Amino acid sequence: MNVLLSVAFVICWSSGFIGAKLGAGSADAVTILMWRFLPLALVLGAFAVVRARAAWRGLTARDLLRQCVIGALSQSGYLLTVYYAIQLGVSSGTTALIDGTQPLVAGALAGPLLRQYVSGRQWLGLCLGVAGVLVVTSADAAAARGVPLWAYAVPFLGMLSLVAATFLESRARRTVAPSVAMTIHCGTSAVVFTVLAAASGAAVPPAEASFWMAVGWLVLLATFGGYGLYWLVLRRSGVLRVNTLMFLMAPVTAVWGAVMFGEPFGPQTAAGLAVALMAVAVVRGRAGDPAGGATGGATGDPAGGAAVGGNSGDVPARRVDNGTRV
């Protein structure tokens, strides 16, 4: 089950970069994002009132506020920077590359923030993953013309926003149902992007069919698929393991772009994909392998560690050999 969820997560998360490129030619970033989240928030809100009221019981104002902040960081901040970078001319592959540095940032911060430490073998795998995504996107970044250098810092800020949201959720002492979290996050993003679109005069959607195709693509694949699976895999496997899957986003995006948009896919991209796959294998290891660590659960098993944000909601103050989670 974990393998299937991981594969689905990689495909759906990568689809967000493709969807951003689909919509980039028809509307501003805030317009696409507003119409991606506004109808979605209304549907999820109605579902919460009619069918999921029990999941909201017992939540305090502090719990709701925390989820609003997590949604603002992990959706609003992250997505706005990704879309804006692509509109500035940064390619989807290079944006995915910068996003792919997230595991190193999360791994470095997990020790001091969560008291969960990364083993030597896992650091080796993380470095291999960075090498893989660099191989895939270096040629594209070098060939870019007319893109200001500061534009490459934009998706980096988004990556930091997602990392901040991840650690904020990891330190929460109360587990919030995924349906509740999704509703709050999408509602927060709908408010943020509607205000931004209205303030910039970009709230009216274009009439082109390509715009609505991009919106549908993003809602179904990127939001329900990628974003929903992100938190599900996070809770099941931990920060490091789901962040390691981020190394596959740049190669998969490159393959997808080649098939869908005719972008070049040569030996360099294939080599980068192979290195990224090797990185995932090194970090994940075999179940029960002391070097790679067993998948952490919510049981507090010393071999796997308690999953942060799991059923207990407690952050263990000891070394966890399976690392952190994203």
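## Terms and basis

In sorting residues by class, Ala, Val, Leu, Ile, Met, Phe, Trp, Tyr, Cys and Pro count as nonpolar, Asp, Glu, Lys and Arg as charged, and the others, Gly among them, as polar. This is a predicted model, in which local features need pLDDT of at least 70 and side-chain atom pairs count only at pLDDT 80 or more, while totals for chains, interfaces and linings use all residues. Residues are numbered from 1 along each chain as its sequence is written, and side-chain values use heavy atoms, with hydrogens and water left out.

## The largest cavity

A cavity is a set of points, on a 1 Å grid over the protein atoms alone, where a 1.4 Å probe fits but cannot get out, and its lining residues have an atom within 4 Å of a point. Grid points are joined across faces, edges and corners, and a volume is the space filled by probe spheres set on the points. There are two cavities of 30 Å³ or more, and the largest cavity has a volume of about 170 Å³. Of the 13 residues that line the largest cavity, Trp13, Gly16, Arg36, Tyr78 and Leu79 are the closest to its centre.

By class, ten residues of this lining are nonpolar, two are polar and one is charged. Helices here are DSSP runs (H or I, at least four residues), numbered from the N terminus. The largest share of the lining of the largest cavity, five residues, comes from H3.

## Contact of H3 with H4

The contact (heavy atoms within 4.5 Å) is made by Tyr78, Val82, Ala85 and Ile86 of H3 together with Ser92, Thr95 and Asp99 of H4. By class, this contact of H3 with H4 has four nonpolar, two polar and one charged residues.

Terms used:
On a 1 Å grid over the protein atoms alone, a cavity is a set of points where a 1.4 Å probe fits but cannot get out, and a pocket is an open set with protein on both sides within 12 Å along at least five of seven lines; lining residues have an atom within 4 Å of a point. Helices (H or I, at least four residues) and strands (E, at least two) are DSSP runs, numbered from the N terminus.
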